[in-house]
Amino acid sequence: MKKIIFSVLICSLFFRQEIFAQELKSEFLFSLEIYLNPPQVVGPVLKGTRIISSFKNGFVKSDKINGKILECSGDWGLLIDSTTFKVDSRATIETDDGALIYITYSGYSYSSAKIAALIGAGRGGELSLSDYYFRTSVSFETGSPKYAWLNHTIAIGVGSFPAAGKVAFRIYAIE
């Protein structure tokens with residue numbers, strides 16, 4: 001009987017404790033705009049249709065980081081179905097002060113088939129951001145002492161399709 005009472009007491013203490021998760025906060029890092037070259041459609045592969053889009057150019061703007069996207073950058077995305085695109089991008093940012101920052105981001109663009117068709121036709125700028133989901137997980141690498149804090153920063157990108165051949169992101173550091 002003592003064991004049962006002790007067990008009930010321990011269980012009640014455990015279930016009465018309030019468990020708090022750490023609050024998730026973010027801070028705006030920069031805007032990223034990318035202009036794409038025409039895509040290379042590799043075609044159907046095991047998990048979808050591989051589409052490779054090299055970056056023609058682009059830029060990064062904020063009060064923390066300003067620079068341009070170098071041409072060796074691109075996206076090796078996978079069109080999973082008519083509503084879902086898996087982003088797999090790698091790029092090099094050359095900052096205005098000459099530092100190089102390697103940025104990788106992966107995530108998803110998801111919408112209804114009708115909205116996806118409009119985006120595919122280059123009409124994303126006519127849509128509201130609430131018409132589709134476009135989020136990426138972003139990480140960085142740099143040897144620059146000035147930007148070394150990025151090496152330990154996880155960020156989230158909120159993407160949009162403002163015009164044909166162009167994608168844009170607002171990048172937020174997760175604190």
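Is S53 buried or exposed? I looked this up before anything else. S53 is buried, because its relative accessible area is 10%, and the cut-off for buried is under 20%. The residue lies in strand β3. I then listed what S53 touches, not counting residues up to four places away in sequence: L36, P39, G74 and D75. I keep in mind that this is a predicted model.

**Overall layout**

I turned to the whole chain. The protein has two helices and ten strands. I read the order of elements from the N terminus as α-β-β-β-β-β-β-β-α-β-β-β. Of its 175 residues, 35% count as buried. The protein exposes about 10,900 Å², and carbon and sulfur atoms supply 59% of that area. I also checked contacts between residues at least 6 apart in sequence. Of these, 54% join residues at least 24 apart.

**Strand pairings**

I began with β10, residues 166–174, and its pairing with β1, residues 26–36. The two strands run antiparallel, joined by nine bridges.

The strands β9 and β10 form a hairpin, with two residues between them. I noted G165 in that turn, where phi is positive at about 75°.

Next I looked at β2, residues 40–45, and β3, residues 48–61. They run antiparallel and are joined by five bridges. I found P44 opposite T49 in β3. This pair of strands is a hairpin as well, with two residues making the link from β2 to β3.

**A closer look at G157**

Which residue in β10 is the bridge partner of G157? I found I171. G157 itself lies in strand β9. I call G157 buried because its relative accessible area is 0%. Leaving aside neighbours within four places in sequence, I listed its contacts. They are F134, R135, T136, V138, F169, R170 and I171. I also checked the distance from G157 to F30. These residues are 127 apart along the chain, yet their C-alpha atoms are separated by 9.6 Å.

**The core**

Which residues have the most contacts inside the largest nonpolar core? My list reads L29, F30, L32, I103, Y105, F140 and I171. This core has 30 residues. The elements that give two or more residues to it are β1, β3, β6 (84–95), β7, α2 (113–120), β8 (133–142), β9 and β10. In soluble globular proteins, nonpolar side chains tend to be buried together.

Setting aside neighbours within four places in sequence, I103 is in contact with F30, S89, R90, A91, I93, V138, S139 and F140. Two of those, F30 and F140, are also on my list of core residues with the most contacts.

**A patch on the surface**

Last, I looked at the outside. Which residues form a nonpolar patch on the surface? I80, Y108, Y110 and Y133 do, with about 400 Å² of accessible area together. I placed Y110 in strand β7, residues 100–110. Y110 counts as partly exposed, because its relative accessibility is 46%. That value falls between the cut-offs of 20% for buried and 50% for exposed.

Conventions:
Residues are numbered from 1 along each chain as its sequence is written. This is a predicted model: local features need pLDDT of at least 70, side-chain atom pairs count only at pLDDT 80 or more; totals for chains, interfaces and linings use all residues. Side-chain values use heavy atoms; hydrogens and water are left out. Two strands pair if DSSP finds at least two bridges between them. Helices (H or I, at least four residues) and strands (E, at least two) are DSSP runs, numbered from the N terminus. Patches are made of residues with over 30% relative accessible area and no salt bridge: like charges are joined within 9 Å, nonpolar side chains (Val, Leu, Ile, Met, Phe, Trp, Tyr) within 5 Å. Accessible areas come from the Shrake-Rupley method with a 1.4 Å probe; for residues, only the protein chains shown count as cover. A salt bridge is a side-chain nitrogen of Lys or Arg within 4 Å of a carboxyl oxygen of Asp or Glu. Buried means under 20% relative accessible area, exposed over 50%, partly exposed in between (1.4 Å probe, protein chains only). Contact means heavy atoms within 4.5 Å. A nonpolar core is a set of buried Ala, Val, Leu, Ile, Met, Phe, Trp, Tyr and Cys residues joined through side-chain atoms within 4.5 Å.
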